[in-house]
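Colleague: I would like to learn how to read helix packing and nonpolar cores in a model. Could you take me through an example?

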Amino acid sequence: SAPTPMAQGFSINPEDLPEKGDPRDVEEMRSILGSLMYIQVWSRPEIAFAVNYLARYTQRADKTTIAAARRILRYLSGTRHKGIRFKHHPKCALGPNSVKVFADTSDADCELTSKSTGGFIITINDAPVVWKSGRLPLVTLSSAESEYVQLTLACQEILHLREVLQTLGFEQAPTEIFEDNQAAIAICNNPCHRSRTRHIKRRYHFIRQCIKDSEVYVTYVESRNNVADVFTKPLDEATFERLAHRARND
């Protein structure tokens with residue numbers, strides 16, 4: 001088995017990959033990733049980054065990328081007893097049936113596009129119900145800007161979930177979003193346009209309106225305690241295990 005889905009610091013240099021992978025390698029890569037996508041969507045959020053990262057190179061698969069995909073299988077083989085846990089009487093600081101969110105990005109880490117990899121996880125009673133890992137839809141000019149864009153993308157999902165819960169009769173206090181970038185938090189709470197933020201497209205300022213309407217609020221959390229860190233990059237074994245445990249709520 002493997003201790004983590006992806007080794008710390010692992011990255012793929014696109015220049016080292018063939019322009020078009022061998023059909024047998026591509027087919028094997030598709031088969032492995034298809035199985036992995038199924039399980040990461042349903043019950044294993046901690047492998048989302050590794051699966052998403054390798055999926056970028058499916059058509060250029062070679063022995064290196066296939067070995068990385070097989071490592072995820074070996075990780076799952078050694079942790080098949082793990083999974084999401086929903087508790088009947090959870091102890092939540094925000095109250096019962098409360099929504100809590102962690103968001104994070106890894107700035108401009110994509111070798112192909114220079115886009116940032118972002119991720120978020122939404123929990124109810126500390127158990128995960130929505131999570132995502134993937135490249136942001138645009139190139140950002142700073143880590144603060146990438147974090148700000150990711151907060152807005154998470155906020156869109158939050159509002160939908162809040163509406164569903166309220167329809168079911170579970171009234172919601174403002175949803176707390178945990179973020180580890182102080183500059184991004186400042187941009188969220190300051191409606192002024194400055195030289196470093198005036199170029200940001202209007203749609204990504206949506207979170208400011210949500211904060212004004214008391215739908216959400218953003219709270220600082222240290223990077224080492226940001227659960228969404230597992231959705232943005234490969235981590236060392238100790239950090240990964242600690243954050244993955246919190247992500248699954250097991």
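Predicted model: local features only at pLDDT ≥ 70, side-chain atom pairs only at ≥ 80, totals over all residues.

Colleague: At roughly what angle do the axes of α1 and α2 cross?

Modeller: Axes are lines fitted to C-alpha atoms, for helices over the stretch in contact, and angles run from 0 to 180 degrees between N-to-C directions. Helices are DSSP runs (H or I, at least four residues), as are strands (E, at least two), numbered from the N terminus. Here α1 (residues 23–42) and α2 (residues 48–55) have axes that come within 10 Å and cross at roughly 150 degrees. That makes the two helices roughly antiparallel (angles over 145 degrees).

Colleague: Which residues make the contact between α1 and α2?

Modeller: Contact means heavy atoms within 4.5 Å. From α1 come Met 29, Leu 33, Leu 36, Met 37 and Gln 40, and from α2 come Ala 48, Val 51, Leu 54 and Ala 55.

Colleague: How do α2 and α3 lie relative to each other?

Modeller: Their axes also come within 10 Å, crossing at roughly 160 degrees, and α2 and α3 are therefore roughly antiparallel. Ala 50, Val 51 and Leu 54 of α2 meet Thr 65, Ala 68, Ala 69 and Ile 72 of α3.

Colleague: Which residues touch the most other members of the largest nonpolar core?

Modeller: In soluble globular proteins, nonpolar side chains tend to be buried together. A nonpolar core is a set of buried Ala, Val, Leu, Ile, Met, Phe, Trp, Tyr and Cys residues joined through side-chain atoms within 4.5 Å. The largest one has 38 residues, and Leu 36 and Leu 54 touch the most other members. At least two residues each are supplied by α1, α2, α3 (63–78) and α7 (237–248). Not counting residues up to four places away in sequence, Leu 36 touches Ile 47, Val 51, Ala 69, Ile 72, Leu 73 and Leu 76. A second, separate core of 30 residues includes Tyr 148, Ile 185, Ile 187 and Tyr 204.

Colleague: Where does Lys 87 lie?

Modeller: Lys 87 is in the loop between α3 and β1 (99–106). Its relative accessible area of 42% makes Lys 87 partly exposed; buried means under 20%, exposed over 50%, and partly exposed in between (1.4 Å probe, protein chains only). The C-alpha atoms of Lys 87 and Tyr 204 are separated by 35 Å, with the two residues 117 apart along the chain.

How values were computed:
Residues numbered from 1 in each chain as written. Heavy atoms only, no water. Parallel < 35°, antiparallel > 145°, perpendicular 65-115°, else oblique.
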